[in-house]
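Please keep the sequence and the structure in view while reading.

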Amino acid sequence: FEKGTFALSLSEEIVFMSLIRVLLAIIFPPLSVVDKGCGSFLIVFILTGLGWIPGVLAALIILNNTNGQ
């Protein structure tokens, strides 16, 4: 490696992206589940419209789902 370069290992990159996703789920829930499919996005969007907390909970549940994509 060159001096001063910043490189993440694969596991560090996965953890970093997971943290970004969780922060995004808290700030704007629908944006965090865009790649999970249209149905997930619509559900989270509607729940966020009904209230911020239901949207955040739904986004975190969808992101935590290990059976999905």
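Among contacts in the protein between residues at least 6 apart in sequence, 44% join residues at least 24 apart; a contact here means heavy atoms within 4.5 Å. The model is a predicted one, in which local features need pLDDT of at least 70 and side-chain atom pairs count only at pLDDT 80 or more, while totals for chains, interfaces and linings use all residues. Residues are numbered from 1 along each chain as its sequence is written, and side-chain values use heavy atoms, with hydrogens and water left out.

The protein contains 4 helices and 0 strands, and its elements follow the order α-α-α-α from the N terminus. Helices (H or I, at least four residues) and strands (E, at least two) are DSSP runs, numbered from the N terminus. Of the 69 residues, 20% count as buried. Buried means under 20% relative accessible area, exposed means over 50%, and partly exposed lies in between (1.4 Å probe, protein chains only). The accessible surface of the protein is about 5,300 Å², and 71% of this surface belongs to carbon and sulfur atoms. Such areas come from the Shrake-Rupley method with a 1.4 Å probe; for residues, only the protein chains shown count as cover.

Attention may now turn to R21, which is placed in helix α1 (residues 10-27). With a relative accessibility of 28%, R21 is partly exposed. Leaving aside residues up to four places away in sequence, R21 touches S32, D35, K36 and L63. The C-alpha atoms of R21 and A59 are separated by 9.5 Å, although these residues stand 38 residues apart along the chain.

Which residues meet in a salt bridge? A search of the whole structure finds 1 salt bridge, a term for a side-chain nitrogen of Lys or Arg within 4 Å of a carboxyl oxygen of Asp or Glu. The side chains of R21 and D35 form this bridge, at 2.9 Å from N to O. The pair links distant parts of the chain, for R21 is in helix α1 and D35, 14 residues away, is in the loop between α2 (29-32) and α3. D35 is partly exposed, with a relative accessible area of 44%.

The structure also holds 1 aromatic pair. The ring centres of F41 and F45 are 5.9 Å apart and the planes stand at 20 degrees, so the pair is stacked. Rings of Phe, Tyr and Trp (its six-membered ring) pair if their centres lie within 6.5 Å; planes under 30 degrees apart count as stacked, over 60 as edge-to-face and the rest as tilted. Both F41 and F45 lie in helix α3 (residues 38-50), 4 residues apart, which is about one turn of the helix. F41 is partly exposed at 28% relative accessible area, and F45 is partly exposed at 45%.
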